[in-house]
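Subject: Structure handover

Hello,

Here is the structure for your files, with notes on what was found in it. Please read the notes with the model open.

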Amino acid sequence: MTFTLSDTAYGTDSADAKNAMYNDLRPQLQGLLHGETDLIANTANFSSLVFNSMPGLNWAGFYFLKGDELVLGPFQGKPACIRIKKGRGVCGTTVVEGKSIVVPDVHAFPGHIACDVNSRSELVVPVRGPDGAIVGVFDLDSPLPNRFDQTDADGIESLVKLLEATL
């Protein structure tokens with residue numbers, strides 16, 4: 001298997017800059033996922049690629065649904081909360097609502113769970129299994145307020161779809 005990782009320094013100051021970043025990250029992720037079906041290996045590489053490529057992050061990782069709670073999976077960043085009840089915080093709310101959630105200011109989100117007090121904004125995208133049911137979430141945190149927007153949600157969703165094809 002051959003894949004190429006970019007050393008590009010990406011911008012986040014415009015939708016065009018963000019779209020260029022996601023257009024570059026998709027083939028990199030495809031190369032990392034190619035021929036591999038192991039969930040831990042794929043989500044570990046996914047987290048690493050995003051964390052080390054996207055500017056302005058302090059955490060990127062997965063939580064997987066086990067019963068009525070999300071359990072920490074592969075991630076990059078500081079140690080994190082291990083279990084989150086369905087419906088609690090941004091991650092648990094994403095599971096209940098079944099859609100991506102962009103939070104410009106985590107302090108304004110009712111019930112926000114502060115695993116890292118330095119986080120100011122958050123983006124959480126659901127991960128779905130082959131039957132369409134939510135199996136987990138991909139969570140991004142930033143120390144910058146308003147770091148994420150709909151362009152980011154769309155871009156991360158496009159990456160998650162590549163991962164979902166391996167499940």
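A residue is called buried under 20% relative accessible area, exposed over 50%, and partly exposed in between, with a 1.4 Å probe and protein chains only. By that scale Asn 146 is exposed, with a relative accessible area of 56%.

This is a predicted model, in which local features need pLDDT of at least 70 and side-chain atom pairs count only at pLDDT 80 or more, while totals for chains, interfaces and linings use all residues. Residues are numbered from 1 along each chain as its sequence is written, and side-chain values use heavy atoms, with hydrogens and water left out.

Asn 146 sits in the loop between β6 and α4; helices (H or I, at least four residues) and strands (E, at least two) are DSSP runs, numbered from the N terminus. Most residues other than glycine have a negative phi. Asn 146 has a positive phi, near 60 degrees.

Cavity

Rolling a probe the size of a water molecule over the atoms shows where empty space is left. A cavity here is a set of points, on a 1 Å grid over the protein atoms alone, where a 1.4 Å probe fits but cannot get out. Points are joined across faces, edges and corners, and a volume is the space filled by probe spheres set on the points. The search of the whole structure finds one cavity of 30 Å³ or more. The largest cavity holds about 190 Å³ of space. Its lining (residues with an atom within 4 Å of a point) comes to 21 residues, and Ile 113, Cys 115, Glu 122, Asp 139 and Asp 141 lie nearest the centre. Two or more lining residues come from each of β1 (59-66), α3 (89-97), β5 (121-128) and β6 (134-142). Helix α3 gives the most, with three residues.

What is the make-up of the lining in nonpolar, polar and charged residues? It divides into 10 nonpolar, five polar and six charged. In this count Ala, Val, Leu, Ile, Met, Phe, Trp, Tyr, Cys and Pro are nonpolar, Asp, Glu, Lys and Arg are charged, and the others, Gly among them, are polar.

Asp 139, one of the residues nearest the cavity centre, is in strand β6. Asp 139 is buried, with a relative accessible area of 4%. Its C-alpha is 11 Å from that of Val 103, 36 residues away in sequence.

Nonpolar core and aromatic rings

A nonpolar core is a set of buried Ala, Val, Leu, Ile, Met, Phe, Trp, Tyr and Cys residues joined through side-chain atoms within 4.5 Å. The largest one has 26 residues, of which Phe 46, Val 50, Met 54, Phe 138, Leu 140 and Ile 156 touch the most other members. Elements giving two or more residues to this core are α1 (15-33), α2, β1, β5, β6 and α4 (150-164). The largest share, six residues, comes from α1.

Rings of Phe, Tyr and Trp (its six-membered ring) pair if their centres lie within 6.5 Å; planes under 30 degrees apart are stacked, over 60 edge-to-face, and the rest tilted. There are six aromatic pairs in the structure. Phe 62 and Phe 64 are a stacked pair because their ring centres are 5.8 Å apart and their planes are at 0 degrees. Both of these residues are buried. Together with Phe 46 and Phe 138, Phe 62 and Phe 64 form one aromatic cluster.

Individual residues

Polar contacts are pairs of N or O atoms within 3.5 Å; within protein, one must be able to donate a hydrogen and the other to accept it, and residues adjacent in sequence count only if both atoms are side-chain atoms.

- Asn 58 lies in the loop between α2 (39-53) and β1 and is buried at 14% relative accessible area. Its side chain makes a polar contact with the side chain of Ser 119 (3.3 Å).
- Thr 43, in helix α2, is buried at 1%. A polar atom of the Thr 43 side chain lies 3.4 Å from the backbone oxygen of Ile 40.
- Asp 152, in helix α4, is buried at 0%. The C-alpha atoms of Asp 152 and Leu 123 are separated by 8.1 Å, at 29 residues apart along the chain.

Regards

Note on methods: 1 Å grid on protein atoms, 1.4 Å probe; cavity = no way out; pocket = protein on both sides within 12 Å on 5 of 7 lines; lining within 4 Å.
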